[in-house]
Amino acid sequence: MQDFIHWLQAPGLNHFLIISGILFSLGVFAILTRRNAIMVLMGIELVLNAANINFIAFSRYITNTLDGQVIAIFVIILAAAEAAIALAIVLNIFQNFNTVNVDELNQLRD
Amino acid sequence: MNFLGIGTLSWITFLPILGMIAVLLLPKENRNAIRWTALAITFLQLVAAAFIFFNFNRGLAGINTVEGMQFVEKVSWINIKGVPWFGKIYVEYFLGVDGLSVPMVLLTALISFVAVIASWNIEKAFKGYMVMLLLLDTGMMGVFVSLDFFLFYVFWEVMLLPMYFLIGIWGGPRREYAAIKFFLYTLLGSVLMLLAIIALYFSVTIPDPTTGEKIYTFNMLAMMNPANFEPGSLLAGTSTYWRYLAYIALFIGFAIKVPVFPFHTWLPDAHVEAPTAISVILAGVLLKMGTYGLLRIGYPMFPDAANHYSWALAVLAFINIVYGALCAMAQKDFKKLIAYSSVSHMGVVLLGMSAMNTQGMLGAVFQMFNHGTITAMLFLIVGVIYDRAHTRDLDAFGGLAITMPKYTGIMTVAFFAALGLPGLSGFISEAFSFLGAFQTHRYITIASTLGIVLTAAYMLWTLQRVFLGQPNEKWAGLPDINGRELAALVPLAIITLWLGVYPSTMLDIMTTSVNHLVEFVKQGGAAVAMLPK
Amino acid sequence: MSPETIIQLSVVILLLPLLGFTLLIFFNKRLPRQGDWLETGILFLALALSLVVFAVKMVSYRHETFQATFTWVNFGNVPGFGPMKLELGIMVDNLVAIMLVVVNVVSALVHLFSIGYMHGDVRYGRYFAYLGIFTFSMLGIVITNNFWMMYVFWELVGLSSYLLIGHWFEKKSASDAAKKAFVVNRVGDIGMFTGIMILFATFHTFTFSTIFESMQSGNIPLGSEAWLTAAGILIFCGAIGKSAQFPLHVWLPDAMEGPTPVSALIHAATMVAAGVYLIARAFPMMTADALMFIAYIGAITAFISATIAIAQNDIKKVLAYSTVSQLGYMVMGLGVGAYTAGFFHLVTHAMFKAGLFLGSGSVIHAMHHALHHAGDHHTDPQDIRNMGGLRSKMPITFWTFLIYTLAISGIPFTSGFLSKDEILAGTLAFGSLTGHKIIPIIGFFVAGLTAFYMFRLVIVVFFGEHNDHHRIEAVRESPKTMTIPLMVFAALSFFAFYSPNPFGAASGWFFDAIHRPESVVPLAVAAVGIETFEEALHHSHSLAMILSLTVAGLGILIAFTTYYWKKISADAVADKLKPLHTFFLNKWYFDEFYEWMFVGGTKGLARAYAWFDNRIIDGIVNGVGSWTKAITLGTRQNWEEGSIASIFYLGITGVISLYVGWIAGAAMMPFGASLGTMVGYGMLGLAVAGLTFFLFYVGVGGFDNSIVDGLVNATAYLAGFLGLLTRRVQTGKVQTYLAFVILGVMVFFLWFR
Amino acid sequence: MVEQTLHSLSQFLPETTLTITFCISILAGLILRNKPKVIPVISFAGILLATVFAVRQMGSSQAVFSGMIVVDPFAVFFKLLVGSTAVIIFLFSIYSQEVQSTLKRLVEYSSLLVAMTLGMFLMAGAVNLLMMVLAIELTSLSSYILAGYTKEAPDSSEASLKYIIYGALSTGLMLYGISILFGLTGATDVYAINRSLAATSVNSVALLIAVLLIIAGFGYKISAVPFHFWTPDVYEGAPITITAFLSVASKAAGFAMLIRFFKISFIDFNLLAAHAGGVWGLLQGFEWNKILAILSVLTMTLGNLVAVWQNNLKRLLAYSSIAHAGYMLMGVVVLNDKGLAAVLVYFMVYLFMNLGAFYVVMLVANKVGSEDIDSYKGLGYRSPFISVAMVVFFISLAGLPPTAGFIGKLFLFAALLDARWVWLAVVGALNSVVSLYYYVRVVRNMFLRDPEGSTEPIRFSFPQMAILLLLLVPTLLFGLFYSPIVELANASVLMFGVR
């Protein structure tokens, strides 16, 4: 226990990686279980941000360059663009189907 | 040798393509123009085949030497310069014939000609039918004259599609099933063959005559020379695992065409459903491609494997002969019976091939030709009766000998030729095959002679059921065979009879090549000097 | 006349009938009288030429053999052998010269006879064409100098026999008989062909002389004496088929469905004798064992068919079995080493047996017309019980028939006496030399039987009272074209044509011309040498003559006692010996035996007690045929399911299947295998057994459909099913897809970790 | 720095052209509101120009923009491929009812196609993982919208949503994988990754996870099983022109990136020199090609088996294109340039035959109004030329001579056997047999069945036929004279910085 608290008190690379891992898992969990399209998109944001945390952590602890940070900024922009288009599509879906429930969108199958 | 600067073999191969274009340009309604064009083209092809036959030098062996090949045409086709990690690719338009192929060329021309006559009155989409038939003709002829493996494979596959359509569009009630089965089955064989071809391709190099650079080649003759195999390549050496595997792949590819038990089940379906002329081509020419391929490719390229598996081939031959005959006996459908009889008769070819000696191989090649003519007659005969009675049920007939005497006469020749009666060509090839095979595989051959009795039994039984006995009231008004049908049958009957009495006409063409092949395979493909006349 | 001319003449003789065939088969409808005169004329021309050849050969070249060969197929430079050619050709020796005459005499006279007999037939012209091709093929057999052509013409006579037996193919029985004759002969032929294969494998030639020379120099087939014997016996198999020897004799009686002149020509005088001729040709290569086999086969055949002949009532059937019996005699003669005698009997028998058949043809012809006249279509014109007292109505037929009967019974002054006596002497010599006494015993017994049943025939047909006056009134003697041949054959049945001494053939030209050839097989396996045999023969001659005369006389006496004086009631004897009589009447139940063996209780085990009484339905071919059919079609289509026969069939096939399965499983199991391996092999065995049984159950045809093709289709279905299954994964829900992606990554991770 | 950038710009001409075309298209769309038909012409011209510029880059080999992008024969080859596809798609669009019926939004359509093409050009040349992700995203974002282009149609919008969710997750996974790889090697530049892996050994489990996640990203792009699920749905829902474009260009760009990533990152260059022509050495003993082999088997088998059951032609072709991705992956598995050259050859023939098949489907759908297999019944008698062309495309897809498809298969199998991947070659060969079955199903309906309903002949205009011939002729010609494509492929496997 003591060791654990010690470990917690001195944050290092592993802390970030664990956080990122948890975030990633939560993201995936959200994607797979949420039925609302918007929530699924939120899950995707989580996954992307998990990657961002990794990038920055590695950049800080391993390479000591700014590469990771730069990548993270790119990813954030990318996520924004993606979200914009996704929301537009969801809107269109709502107009066509009157629902944003991804489970009900199964016209195309087999 | 050349006409308009193009060699005989090119002419004979691509004449049908010219005919096809001509037919395409003709209006759909003008059936007469279409059929006469097709007939003229196939007749020209037959003339060209006769030209080859008469100008063929019987003293040259061919098989593995380009000097021994005749009517050779060799043009660079694809020439891709080498890069460091990928040798030069060299494909030639390489045609030539030797004693193995000339009989097949003759057979193809003959059967195509007969097939056109037999197709005279096709109702549905006549133009399309003739186009397909002529395309098929080119494919078949090409297989027998090409000496470049790539070219060979292209021709081999070119046949599939027209055949699919010919069975599928103009066939019987279950035509779709039969057509797709034929297509898939044959393709399965040919992809395995393709893999073997590729493996060979990567194992064989020849030096560029000018630069000395190593070039990969599809030249079949080069693949027969063990010295050309790159050391360390997949198929280098003798009697290796990979060589056996490649041989088996090739064998399956050819075996499906033959067809060898247990790959034969496409055959009854395809033969039965196909229209008469197509059954004639299927049985008359297509089946021969399998055995021809084995002799032209399997044996000289893999002499070690061919020797190693000769007993297995003999066993398969025995199964084919006896099993095919028993299956034939079980049939109630006239055409299916003939189809199974082909399985049995092709078994004789295999048996002769397994002999690995002159008599056997000679018998095998000769049987290929004879089975082509005889089985073509049989299918034509079935076609004649089916056209009139619209049934092929063996038990539905009886006493046709009284209603249709001329028909019965020609049928008797065909039936007795099929059951191997001396004086007709089938006997000689069968006897030679057995004589040869006995020297190599004693007991299997003795067991296979059972097939001779079974064949006689089912043939005569059929003859009795259909032609003998009291005439069936129902068929009293059937007209006898007409002139067109006779025109298709009589040439075949005459050939059967002539070759039965004096087979040397055909055998002389083959002997030199066959002897050379036997010697070549016996020596395990070691370079064999040209044999004297 | 030079040897070349003889050869050329022989070729002309050979080709003349073929010419006739070709002309007639295509043009018979356009020729006057459908061309019978043409074909008959050709045959008489051939006969004249062959007489010339015979005369010249006998007078000028009695001890020479002429051969002419040509290269038929050139195998080129065969690897491991050198240049190889197939030479075919003809030869003329004394055997050939005699046979040419025999064949042409019989053939020409049968042609002549047929003009009357076949008058008004539907396919009159074609009939003569077929006779032509038969004569051609038969002459081919005679004249050839090699096994290849022998086999070729061998099959061709089979074809002509097929065509002629099936001449009246509207009748099912006729077409059945034709088919049976061909197929049964093929069974023998594959034996012969195998023999030829053995010879060719070693000698690479088919020519008799070359093979024998090579063999004499110690080169034996496949290097083993067993193969040599096998080759001999296998070649003899051809003779078993063609000469109707046991156990393939069953086709000949059925072949009587053909026109009677055909029976005379093919199934009495010539074709069936071809087997004997074959043995004579191949004689030098026969080992002692092979000859012993031949002798026993001949003896068994002679005995069995003689006994059957006693009980037959159909005039042609009696003669048919008599023919089989006499052929057995010849074969036996050759087998014991009485080469000349055996061949001599062939010649004499050809004359009187052809006569007997033509005589019976004359009778049947007359009966047929009489019945036709009376409007009677139910009475069988061939049944001897419907005849009787024809002596006065048909004098020429009667007298000639009597002469033939005397000849076949072996009464002095006939040719039959001469030849039979020699054979019997030979068997006696053989018995004393080898200790196989059973052969001469059968020989003499059969001689007695022959005399008995032949006289029974003569008495019943020609003597006694007619049982139907009205019918007999209409019987007329046959026309000249038919009686002239009868008279010629009768003349040829006298001794004078063969030997000046009526009690010894040895002093005649025949025995001077024909000698037993020297054996070429290694001494160790050779039969008794010629000198030793001649010596023994010399000692047994007188005994043979006395014995043969005694048994023949006894036979005739019993026949007269029974059928003429009726001192012994034939019916009473038949009643007393009922089982035996039925046994003979039913031809020793050969057909039934084959049927029982092969069909396995087609008539039912339930009727096991009654099987003695069964009617004759199928023959051996039909028997084998039924089995073959059973194998091809399986139980379901061949027999009603649940019938006794099907149960029997399934029982047998079950045993076979288990055996096959046992071989596949247990026999292949490595010794000391673990339990798991054993179970595995057991399963394999069971699977194989099951599959085999299934094969028998549905037949080969069904097997091909259901298993072989089924496997192909099953593969396709399986692939399709897999596709269908995986298609279901595509649910249309994006989250399922994503789940699969994640799952996929995880599975890959676990796989490659 | 400036000089470098200027030089880079000069080597960036095709991409620049596309960018400018994109901008002009949008601007022109705003200005020429009443003449929407002009916009596609502008875009078409821009893409044609970019392709020409790409051709002019042939033979050069250098890195630009500080090593973010390279210009090398390999990249040029794929740019050419993508550019040609885009050109052909524009030609298709002229006759596409789906496109022409929404005339007002032609601006969107054509400008987004240009953007997508630009993304793919970048994918072809990207050597930095960040660049790769950005290029993928550019392509994807455009294609998400284009897939839902006919937004009134429920199918189309459903396809669009599925596509974006699927694509976004894949990008997420890939980015996460890249981040781990970044952690392991400290670099996103593939050359740097290679150097790092060659120098120090890394945790193999982490490496595996990273690579698998990255493969998920690539797999999505090339629709390899089990990352293929979006493909059938999107292909079916999207307009045919877009489907065709995705099936060829998008796949090609994906393959370009996949090959470049693996070949540069994980190959031991020292061994490469020693074994010229032989099989490459792998860094860290990490046998990524085995993963690809499994992926390849799964992909082609599933693609073919499921295609057997499809009745919608677009969907059938979707599964068929999945199967083809599987075949092409085989070429990557063998780890040598022969394999890569085979993939390139395959792509060239795939371009013609697959686009040809889609084109026929489009033409028929225009006339018949359905993509269902049943609507093809008797087509051979109603429109022989189109049907014969379809047969040629199909047997080419199945890989039978004398069509170009055979050459593609021939070289793939050749590469496999040469590297002794015999089992994989056998699986591939058997798969091509299965594939024949479903192609022939269509052929059967066209020729072996009688027409249902109308039997009127269907006629097509001359330009329509000309476009068809443009695709048909190479499909046949390259089957018999394949020297040009093979030589081009051989010359195009060279990558900057390798060897």
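This is a dialogue on how to read some features of a predicted model.

Biologist: What should I know about the numbering and the model before I start?

Modeller: Residues are numbered from 1 along each chain as its sequence is written, while chains are lettered from A and ligands numbered from 1 in the order in which they are written. The model is predicted: local features need pLDDT of at least 70, side-chain atom pairs count only at pLDDT 80 or more, and totals for chains, interfaces and linings use all residues.

Biologist: How do I read a sheet, and what is the strand order of the open sheet in chain B?

Modeller: Strands of a sheet pair through backbone hydrogen bonds, either parallel or antiparallel. Helices (H or I, at least four residues) and strands (E, at least two) are DSSP runs, numbered from the N terminus. Two strands pair if DSSP finds at least two bridges between them. Here, four strands of chain B form an open sheet in the order 3-4-6-5, with mixed pairing. Strand 3 (70-80) and strand 5 (205-207) of chain B are at the edges with a single partner strand each, so one side of each has no neighbour in the sheet.

Biologist: In which sense do strand 5 and strand 6 of chain B pair?

Modeller: Strand 5 of chain B pairs with strand 6 (residues 214-217) of chain B in the antiparallel sense, over three bridges. Within this pair, Ile206(B) stands opposite Ile215(B).

Biologist: Which helix packs on the sheet?

Modeller: For contact, the rule is that the C-beta atoms of two residues, placed from the backbone, lie within 7 Å. Axes are lines fitted to C-alpha atoms, for helices over the stretch in contact, and angles run from 0 to 180 degrees between N-to-C directions. Helix 22 (residues 483-492) of chain D packs on the sheet and touches strand 3 and strand 4 (88-97) of chain B. The direction of this helix makes about 35° with that of strand 3 of chain B.

Biologist: How do I judge the length of a helix, and is helix 14 of chain B covered or uncovered?

Modeller: The expected span is 1.5 Å times one less than the number of residues. Helix 14 (residues 334-354) of chain B has 21 residues and reaches 31 Å from its first C-alpha to its last, close to the expected 30 Å. A residue is buried if 20 or more other C-beta atoms lie within 10 Å of its own, exposed if 12 or fewer, and partly exposed in between, with C-beta atoms placed from the backbone. Helix 14 of chain B is mostly covered, with 21 of its 21 residues buried. Just after helix 14 of chain B, Met356(B) has a positive phi of about 60°.

Biologist: Why is helix 6 of chain B called largely enclosed?

Modeller: Eleven of the eleven residues of helix 6 (residues 160-170) of chain B are buried, so the rest of the structure largely encloses this helix. Among them are Tyr164(B), Phe165(B) and Trp170(B).

Biologist: Is Asp512(C) buried or partly exposed?

Modeller: Asp512(C) is partly exposed, because 15 other C-beta atoms lie within 10 Å. Asp512(C) is in helix 20 (residues 509-513) of chain C.

Biologist: Which chains have the most contacts between them?

Modeller: Among the five pairs of chains that touch, chains B and C have the most contacts. Their contact takes 43 residues from chain B and 41 residues from chain C. Helix 22 of chain B gives nine residues, the largest share of the side of chain B that touches chain C. By comparison, no contact joins chain A and chain B, and their closest C-alpha atoms lie 25 Å apart.
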